[in-house]
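Colleague: I'd like a close look at a single part of this model, and I'm new to reading structures. Please take it slowly and tell me what sits around it.

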Amino acid sequence: MATYRIEHHTQYSFNQPVYLRPHRLRLRPRSNGWQNLLKYNLTIDPLPASLGEIITLDGNGEQKIWFTDPTEKLAIAVDSIVQTTMENPFNFLLEPWALKLPFDYPQSLAQQLRGYLVPYEGRLDPVAVELAQDIAHDCQRQPITFLQNLTQKLYEHCTYTVRATGEPWEAGVTWRSREGSCRDLTVLFMEVCRAMGLASRFVSGYEVGDPEVNQWELHAWAEVYLPGAGWRGYDPTHGLAVGDRHIALVSSAIPAYCSPVGGEVAPVKTFLETGLTVQSELETEVKITAVN
């Protein structure tokens, strides 16, 4: 069990006053059996005309804000305290029919998972199919070994790069270049899983790793639905199964629905500044500041 305090701020500065269209905020850590949200304070400047609470189709808690007056900036600050309890990510028992890949899903479950099995670009990338087949063959189609081997393969063969903005790359682009951001590696991981019939989704959140790292960012990883175990996290960027050092914000079958702030402004020059501080009861404070 671990407890973390997270201070995360985002500021958009504009070169002239603009009217802000409605924005969605996906910055509140989720609360479930493995992660408890103990505190959440949100500060917005300028004050929105109103704020609405939303539970999305994916089950995420979002906040929708809208404004009436023009502004030259939008500053969003979040102060959260979260407790995580996933000490052993392998504490589960698969259903008897889910011990070999691909799974023969019961019809009702297959219908529920359909959206998490659709390829990222609408069709399976041949690279993802080949990777899935090779790894499945090497592990005799055992699902847990498949996921562990896939996580390690991407971690060992791909170089992590920082891309502050932009949509995730397609799976083939990431694997052929052998590099990518956390969201690129996550989409590649998801595509390989979906090629093997494993339902997967994209997760946005924080990873409390090495305090010696000079600059950290909002992190991304994947969750795979394992019958008998539910959604279980895997982080190909760090080569590990997700435990109590990951703090999830939101998840979705579609990566774009996990962006921390979503909204539009008029086409003006925009400057983005972000800062993140994570403090643990057991660790020294880690500060992250990024300016783009």
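How many bridges join strand β11 (residues 230-235) to β12, and do the two run parallel or antiparallel?

Modeller: Strand β11 is joined to β12 by 2 bridges, and the two run antiparallel. Two strands count as paired here if DSSP finds at least two bridges between them. Strands are DSSP runs of E with at least two residues, helices are runs of H or I with at least four, and both are numbered from the N terminus. One of the facing pairs is D235, which stands opposite L240 in β12.

Before going further, bear in mind that this is a predicted model, where local features need pLDDT of at least 70 and side-chain atom pairs count only at pLDDT 80 or more, while totals for chains, interfaces and linings use all residues. Residues are numbered from 1 along each chain as its sequence is written, and side-chain values use heavy atoms, with hydrogens and water left out.

Now step back to the sheet. β11 belongs to an open sheet of 5 strands, ordered β12-β11-β10-β9-β13, with antiparallel pairing. At the edges are β12 (240-241) and β13 (246-252), each of which pairs on one side only. Helix α5 (residues 182-195) packs on this sheet and touches β9 (200-207), β10 (219-226) and β11. The direction of α5 makes about 15° with that of β10. Contact here means heavy atoms within 4.5 Å. Axes are lines fitted to C-alpha atoms, for helices over the stretch in contact, and angles run from 0 to 180 degrees between N-to-C directions.

The axes of α2 and α5 come within 8 Å and cross at roughly 65°. α2 and α5 are therefore roughly perpendicular to each other. From α2, the contact uses A128, V129, L131 and A132, and from α5 it uses L188, E191, V192 and A195. Sorted by class, that contact of α2 with α5 has 7 nonpolar, no polar and 1 charged residues. (Ala, Val, Leu, Ile, Met, Phe, Trp, Tyr, Cys and Pro count as nonpolar, Asp, Glu, Lys and Arg as charged, and the others, Gly among them, as polar.)

Helix α3 meets α5 as well. Their axes come within 11 Å and cross at roughly 145°, again in a right-handed crossing. Here F146, L147, L150, T151 and L154 in α3 meet L185, L188, F189, V192 and C193 in α5. The classes come out as 9 nonpolar, 1 polar and no charged residues.

That leaves the third pairing in this group. Helix α2 (residues 126-138) and helix α3 (residues 143-157) pack at an angle of about 125°, with their axes 9 Å apart. That angle makes α2 oblique to α3. The crossing of α2 and α3 is right-handed too. L131, A132, I135 and A136 of α2 make the contact with F146, N149, L150 and K153 of α3. These residues divide into 6 nonpolar, 1 polar and 1 charged.

Take a peek at the loop between α2 and α3, where you'll find Q140 and R141. Phi of Q140 is near 55°, a positive value in a residue other than glycine. R141 shows a positive phi as well, near 65°.

The chain has 5 helices and 16 strands. Its radius of gyration, taken over C-alpha atoms, is 20 Å, close to the 19 Å that the globule rule (2.2 Å times the number of residues to the power 0.38) gives for 292 residues, so the chain is as compact as a globular protein of that length. Along the principal axes, its C-alpha atoms fill a box of roughly 60 × 40 × 40 Å. Elsewhere there is another open sheet, with 4 strands in the order β4-β5-β2-β14 and antiparallel pairing. In that sheet, β4 (50-55) and β14 (261-262) are the edge strands.

How values were computed. Parallel < 35°, antiparallel > 145°, perpendicular 65-115°, else oblique. Left-handed = near helix turned anticlockwise from the far one by under 90°.
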